[in-house]
Amino acid sequence: MRDEDLPPGQRAIPNFIVYRVLGQPDVDLPAWRLRVSGEVSTPRTYTYEELLGMIDTSYVSDFHCVTGWSVRNVMWEGVSLRRLVSEVVPSRDVAWVFVRGLDNYTTVIPYDEFLDERGVLALRMNGRPLNPEQGFPARIYIPNLYGWKSAKYVTEIIFTREYRDGYWEALGYHERGNVWREERFKP
Ligand SMILES: Nc1nc2c(c(=O)[nH]1)N[C@H]1C(S)=C(S)[C@@H](COP(=O)(O)O)O[C@H]1N2
Ligand SMILES: [Mo]
């Protein structure tokens, strides 16, 4: 496993700094659902068990927080975002994906970044199910985007035509948030 170069302005630290700006939600796993909806032909709802049975993706990649820290060589496992896309079939004019967590944290992801072949609904990190701090049961991970787009405790993925701010975007953080283009703040 080879260290990737870090994006501009980032430095490596050994461990994640845990952020839960809206607190740590209590997850009632039997009642928990992931709903994938919006401008799609077939909205879908998944249980945790169903998602476990759909795991199709596993790879190692770095994680980058916009505040400047990165954690190298994290192993991610989960359901590819492309698989979720192919199940719901977004309409042709979808341009954004709005994501919400059980804690009501929200973020927005450009549809083209969401379609990155490595984009994953992560259920496992470093060989284990996500722990509560890491966003159990599921979090988004897209290697080219800053960490604030990696919503934890995800319950809703909504495909839309129109742009809408999530939590950090409303405070001036970038619509896209690509780490290689150093898109930290809105222009
Ligand atoms: N639900 C939720 N998801 C979240 C956050 C949060 O506060 N709440 N913080 C984001 C930010 S800014 C970063 S850098 C990462 C941090 O991931 P970690 O808490 O696993 O270190 O989670 C992202 N996802
Ligand atoms: Mo972050």
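**Figure 1. Residues lining the largest pocket of the predicted model.** In this predicted model, 32 residues line the largest pocket, and those nearest its centre are Ile17, Val18, Tyr19, Arg139 and Lys152. The volume of the largest pocket is about 590 Å³. Strand 5, which spans residues 69-80, supplies 5 residues of the lining, the largest share. By residue class, the lining of the largest pocket comprises 18 nonpolar, 8 polar and 6 charged residues.

**Figure 2. Ligand 1 and its shell of residues.** Ligand 1 takes up the space of the largest pocket. The shell around ligand 1 holds 18 residues, with Ile17, Val21, Asp103, Arg139 and Lys152 as the closest. Ile17, Arg139 and Lys152 are also among the residues that lie nearest the centre of the largest pocket. In the shell around ligand 1, 12 residues are nonpolar, 2 are polar and 4 are charged.

Figure 3. Ligand 1 taken alone exposes 530 Å², of which 98% is buried by the protein.

**Figure 4. The largest cavity.** For cavities of 30 Å³ or more, a search of the whole structure finds 1. The largest cavity contains about 40 Å³ of space. Its lining is formed by Ile140, Tyr141, Ile142, Leu145, Tyr146, Gly147, Lys149 and Ser150. These lining residues divide into 5 nonpolar, 2 polar and 1 charged.

**Figure 5. The cis peptide bond between Phe136 and Pro137.** Most peptide bonds are trans. Phe136 and Pro137, by contrast, are joined by a cis peptide bond, with omega at about 5 degrees. Pro137 is placed in the loop that runs between strand 9 (128-129) and strand 10 (139-141).

**Figure 6. The backbone at Val89.** A negative phi is found in most residues other than glycine. Val89, a residue other than glycine, has a positive phi near 55 degrees. The position of Val89 is in the loop between helix 2 (81-88) and strand 6 (96-101).

How values were computed. Residues are numbered from 1 along each chain as its sequence is written. Chains are lettered from A and ligands numbered from 1 in the order in which they are written. This is a predicted model: local features need pLDDT of at least 70, side-chain atom pairs count only at pLDDT 80 or more; totals for chains, interfaces and linings use all residues. Side-chain values use heavy atoms; hydrogens and water are left out. On a 1 Å grid over the protein atoms alone, a cavity is a set of points where a 1.4 Å probe fits but cannot get out, and a pocket is an open set with protein on both sides within 12 Å along at least five of seven lines; lining residues have an atom within 4 Å of a point. Grid points are joined across faces, edges and corners, and a volume is the space filled by probe spheres set on the points. Helices (H or I, at least four residues) and strands (E, at least two) are DSSP runs, numbered from the N terminus. Ala, Val, Leu, Ile, Met, Phe, Trp, Tyr, Cys and Pro count as nonpolar, Asp, Glu, Lys and Arg as charged, and the others, Gly among them, as polar. A residue is near a molecule or strand if one of its heavy atoms lies within 4 Å of it. Accessible areas come from the Shrake-Rupley method with a 1.4 Å probe; for residues, only the protein chains shown count as cover. A molecule sits in a cavity or pocket if more than half of its atoms lie within 2 Å of its grid points.
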